[in-house]
Each structure stands twice: as structure tokens, then as C-alpha cells.
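The structure comes first, then the notes.

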Amino acid sequence: MPKIPEFDFIIVGAGSAGCVLANRLSADPDIQVLLLEAGPRDSHPLIHIPVGNGKIIPKAKYNWKYETEPQAHLDDRRILWPRGKTLGGSSSLNGMIYIRGHARDYDLWRQQGVSGWSFADVLPYFKRAEGNVRGTDPFHGGDGPLVVSDSAHDHDLFDGFVSAGVEAGYPANPDFNGPEQEGFGRYQFTIRNGRRWSAAAAYLKPVLSRPNLTLETGAFSQKVEFEGDRAVGVEYTRGNRLYAARAIQEVILSGGVINSPQLLMLSGIGPADDLKQLGIDPLLDRRDVGGNLQDHFCVHTVHASNTPTLTDELVRLERGAISVARAFVARSGPAAAFPLEGGAFIRTSDDLDIPDAQFHFSAGNLLSLIRRPFASHSEDHTRPDAFMCHVCQLRPESRGDIRLRSSDPRDQPLIQPNYLSEIRDRETMREAFKAMRDVMHQPSLSRLSGGEIWPDPKVRTDAEIDAFIRATGGTVYHPVGTCRMGGDDDAVVDETLRVRGTEGLRVVDASVMPSLVGGNTHAPTVMIAEKAADMILGHAPLNPELYA
């Protein structure tokens, strides 16, 4: 029998967190690291073109293509959940928006009993990761691996959106990651010189030549192997062959909010009764594995445009081909950036201290990219000569879970987010939708609009708005929380991200977040991995940085 290869660390998942860990842990040449990724390499050229995700997301080769169970408060609809299945994970599919969330999100983690994760504690790790084109200041890093760039489009619709927000009574904000989050402005993006700057591009590709770093793609992890309560390796398949690798120090799960709890449960760590019913011998009875699922839920509005849009250029065959070619060759033009550049954080009530809703505004219609890529003109709400905005609730109270469908690792798990199951979430979404609609009808946008085409302008009453939200709302692709970090005994991982009740096993990805942050989740996931790397290596944490 061939000898099972041994490594100091085995990382499962080459997504936003796994790429960071592979880089930081292998920086010591005496540490042997194995990185397992179920998907292929990110070799498709459109992965690296910022608007190329409209063509990549439909491909099962690069996307797990999950979907939820029917949602009781969304007219029993199933919601598609794209998740990246390639180097970079979902950072190779996402909208590339760089947002950390509000400082109070992390202070709340600390108040929930998770020491070492206040905003003062995590800000140095955000800055270590960040290579912001604006340079270094008290809130930003200028030389980190994750390049953060300014918006690239000069378009009247983006200017109109910010002006419309001011006309509606909100402040303008030049930096959502600075001292204040509230207001209207332009997002920054993880785009470098006209290319998507995924976690793989930022952290993994530059170090793949290290002799102590081994990358296995097409490696589908089946379970974590244990000796007693200590994780000692991973069993995985490549093609039809079964492989095993041993971990001398630790196994680190970085599969994300779905795959990490799934692998824990397949390995016997989870709700014992559920596991027994599926024929899995429980190693640890942990009810919270797969629980605490949270996601940003959104709804959008679309207006016909009186001015040429970015998607006008991208979806018409002759213009789209030229735009993509220009992005490949010259790294410029509409395909070399992302249309979702307008942003806002608002409070739906004056009684709130911090924003509870987020806008994403596009000077084009993303539905024409995602649902009708490179299609001809259509007279419906997917038409390319239109602009759109969507709004999401930042801190929903609804909670769901991930559960195994069977003991077969290749069976997609049951995903139950329970969207809008709490009445406060339904009320907040209604008020957020009204606020978004009000902004879209302010003078600076009205002069550029040919009229609202989604929803029907006749949708006016609260009941009609609620029905529209139930019938059309969906995910912003920000699920978190299924391997909750906490100071209590029920938490899946402790404040050092070790799985409670085990030795040599950690979870490092968005699943450890105790609660959703007020913004997009890629940057916080990178931060979590940066901080985890210091913990794993036994380094002293970076000094906390106080903020105003």
C-alpha cells in the first residue's frame, strides 16, 4: 500500500479564505501545506474579465449551482445560490465590490462574547490585506495583496444616482470604508488594471511556485479523518479514485457557508439524531453545525433609460464582442469594469443609529447580462437599454440552516434560509423598497429615465409592494454563519476558530461569522483568514487600532 502523504496543514477549499491561508502558512519554508479544491483551475479567460461572470455563472464547471428549498414567504419559490467552484471560490464569480461592513458589526461580535474580534482588533487585518489605489491612511492599507481600485466608468447615470440621493435628503459619501458608512457614492472594487483581482490572483497565484505548497484541483473532499477527537487528515476523490492525506498539525476547513458545515456533518460532527437517521456515526453531537444561516435578501427596480447604458454596449452582439476584445487587449472599456458602481447605505428609520439597508445601482441592466447574455434587444424588464437599482436589508432577523440530504458527499445539502420569516424583516424590506423607489424618482434620475418598468408603476400600496417582494426578491449572495464563532459552549468554533470538542481542526471562512456584517462579505472573509493565519502560526495579533 502506498504511503499516505503527510503535510503540516491541509486546507479544504481554495476560495476567499483558503487562498489567503495557503499564502500566509506557506511563507515559512519549513511548513508543508496541501490545498484541496473541488473545482478546476480558473483558466477560463472570462473569469478574469470583470463582466465575464455573466457567462461563467451558468457553467456548472465553475459554479456549485445550489438552490434553496421552497421559501414559504417567497411564494414557495426556490432561490438560486451560485457559489464558486474554482480557484478563488466565489471571489471568481462575485461583483468585486469592496465593503467591510460597519464598525459596530464587529463590536457586536465582541459583545456576543467573541474576544479579539472588535473593530479595533480587525481593522489592522483589513489594512494588511488591502492595497488601495488611494494609498494608506488611518482606515486603509496601500500595499496589501488585495488591490482595491476606484470605479472606472464616467457615466451620467452614476452622477445622477448620487445627486438623486442628496436630493432625497441623504449625504454624499466618498468612502464607505472610511469614518462614516451612511450616504451615497461610488463603490471601490477588487479589480486590478482591468482584471478581476480574486483571492486566487491576489494571494495564491504569486506563491504557487513554493516547493512547500501543494495544490490539488478536482479534489472533492469526502470527510475529515479522526483519531479519537483529533483531526488527522482528509479523505478526498479525484475522478473515480479515492485519496487520503494526513495532517501533522491541523485540518482547516475553508469551504464556505455550505461546504464547511456539510463536511463537518459528513465527518460525524453535527446534530446527532439527524446524522444517525442518515447512517452517519456521530463523533460529536453539535446541534449548531449548519444552523444560524443568514443572508442578505434584496429586491430591485428597473427604469427604461433615455441615455445610452453600459449594457447597451455589452449585450448587442457587435458591440459586446468589441467591448470584450477591448477588455482583453487594452484592459479598458465597459467590459473591463463592473456596471454596479453606484452605492448607498441608508437608515429606513430616523430611530436607527446606523444604516440598515444597502443600495447597488447600475448604469445598465444586469438582468440583460445574467439572464440574457449577449442577447438582442427586448422590450421587457431584462432589456439592456435600462438602468436598475436593488436594495437589501443589512441585518435580517430571520435564521435558517444547512442540513444533509443524505450521507453521499455529492448530494447537495438542504438549504433553508427562511427568508422573511420574521415580521420585522418584511417591514424593513418594504420601507427599504419605498426609499429606493423615492430616490429613483428624484429629478437627477427622472430626467434620464424613460419610466419605471419594474415593478409595474401601479404597484403602490403596502400590500402590493409586499406581494412584489415575495414574488421577485432574491439573494445578494452573502450567506454566512453556519459554523458560528462564539464564547458559549453551543458555538461551533471558539474565538480562535477551533472546532469545539476537537483537536487539530478549524473552520476559517464566512461560515464562522456570528452575525451578518452590514455590507458585502468578500473583504470580511479575507480579513478573517488574515487574522486566522496569525492564530494558526502562533504569531502575536496585530495591535488594535482605535478609530473615531
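Helices (H or I, at least four residues) and strands (E, at least two) are DSSP runs, numbered from the N terminus. The model is predicted: local features need pLDDT of at least 70, side-chain atom pairs count only at pLDDT 80 or more, and totals for chains, interfaces and linings use all residues. Residues are numbered from 1 along each chain as its sequence is written, and side-chain values use heavy atoms, with hydrogens and water left out.

**Backbone**
- Pro455 lies in the loop between strand 22 (449-454) and helix 14 (462-472), and the peptide bond from Trp454 to Pro455 is cis, with omega near 0°.
- Lys65, in the loop between helix 2 (53-56) and strand 3 (66-67), has a positive phi near 55°.
- Asn193, in the loop between strand 8 (191-192) and strand 9 (195-196), has a positive phi near 50°.

**Helix 15**

**Nonpolar cores**
- A nonpolar core is a set of buried Ala, Val, Leu, Ile, Met, Phe, Trp, Tyr and Cys residues joined through side-chain atoms within 4.5 Å.
- The largest has 87 residues, among which Leu264 and Leu505 touch the most other members.
- Helix 15 gives the most to this core, with eight residues.
- A second, separate core of 45 residues includes Tyr66 and Phe433.

How values were computed:
Buried < 20%, exposed > 50% of the residue type's maximum accessible area, 1.4 Å probe, protein only.
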